[in-house]
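Look at the sequence and the model below before reading on.

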Amino acid sequence: MQTTLNLGIRAVGTRIPLIPAYPGRKKNYFDLICGDRPWPSLIEPFVGSGITALRLGARETAIADVGDCYQIWNAWASGQWPDVRNQVQRWQTAIALQSAPTPKELPLWAEIKHHYSNGVPSSTAAIAAAWLLRAVSYGNMARTNKFGGWNVPLDNDKIRSFLSKPVPSPPPLQGRWQVGHGWDDCLSLYQDRGTDQETIALVDPPYFFPLAEMPQGLRMTGTYPGHDPHDPELLEMVGRCLRNLSALPSVKRIEAFNYGSIQMAQMVETIARCH
């Protein structure tokens, strides 16, 4: 595991995002992260908005996330995205026909939030609602309350911007992408593929726990603003992911990220020394 400063690498992918970028994104650190050469293979078990993976444009990419992030990525990689975009376009047209004192008070938002909170997660309407609510909410964040309801304020300026522009096309699907539901599923997909390509791994502490690893029903991890970055469940989950990655012979570089936790920095250093 190492960090190398090599500026000016030529990325072969795209700068077009799929999921609206939220705080913590790494788009300004691409050269720091990926080093001095293109990588033919990438594994990113906590992908989030995934701008680094998209820009790298590796021939083989294995990613994972949970919740609506997983559903959005899976819809894109599986060919469901045209239907998702069409649904967002229908809502855009319908919202433009409604009136309210401010854009975020328009009646249709209640229906869209209902699709997000109560719809079948893999349905076109639920995925379209997840993408749209991220696009027009404060900080592009996705957060739910204890009842599963959308819990981020809508942003009037972002709604106006959304209504004034065509719904963006998704980034082109380049190379082979595999989308796992949770970090362990991502590693299993990668191992089952049996690649011998030299691989870079990105491990960025996630905002949400996979369902099977939620401690006492807490969905948000210590990475999330306002939570504890030293959270032991988060450290244990990221540590297991790093140890499993470091045992894979084809993984030649691991970039691990940190959110102000001395314990996490010490854990990463210990894992690096052992491998």
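In which helix do Asp157 and Arg160 both lie, and how many residues apart are they? Both belong to helix α7, which covers residues 156-164, and they are three residues apart, about one turn of the helix. Helices and strands here are DSSP runs, numbered from the N terminus; a helix is a run of H or I with at least four residues, and a strand is a run of E with at least two. This is a predicted model, in which local features need pLDDT of at least 70 and side-chain atom pairs count only at pLDDT 80 or more, while totals for chains, interfaces and linings use all residues. Residues are numbered from 1 along each chain as its sequence is written, and side-chain values use heavy atoms, with hydrogens and water left out.

The side chains of Asp157 and Arg160 form a salt bridge, with 3.0 Å from N to O. A salt bridge means a side-chain nitrogen of Lys or Arg within 4 Å of a carboxyl oxygen of Asp or Glu. Asp157 counts as exposed because its relative accessibility is 57%, and Arg160, at 45%, counts as partly exposed. The cut-offs are under 20% relative accessible area for buried, over 50% for exposed, and in between for partly exposed, using a 1.4 Å probe and protein chains only.

The whole structure has five salt bridges. Arg193 has a relative accessible area of 13%, so it is buried. Glu60 is buried too, with a relative accessibility of 16%.

Another salt bridge is formed by the side chains of Asp68 and Arg134, at 3.0 Å from N to O. This pair also links distant parts of the chain, with Asp68 in helix α3 (residues 67-78) and Arg134 in helix α6 (residues 124-136), 66 residues apart. Asp68 and Arg134 are both buried.

Now turn to the cysteines. A disulfide is a covalent bond between the sulfur atoms of two cysteines. Here it is counted as a pair of cysteine sulfur atoms within 2.5 Å. How many disulfides does the structure hold? It holds zero. For Cys186, the nearest cysteine sulfur is that of Cys241, 7.7 Å away, and Cys186 is in no disulfide. Cys241 is in no disulfide either. Cys186 is buried, at 1% relative accessibility, and Cys241 is buried at 0%.
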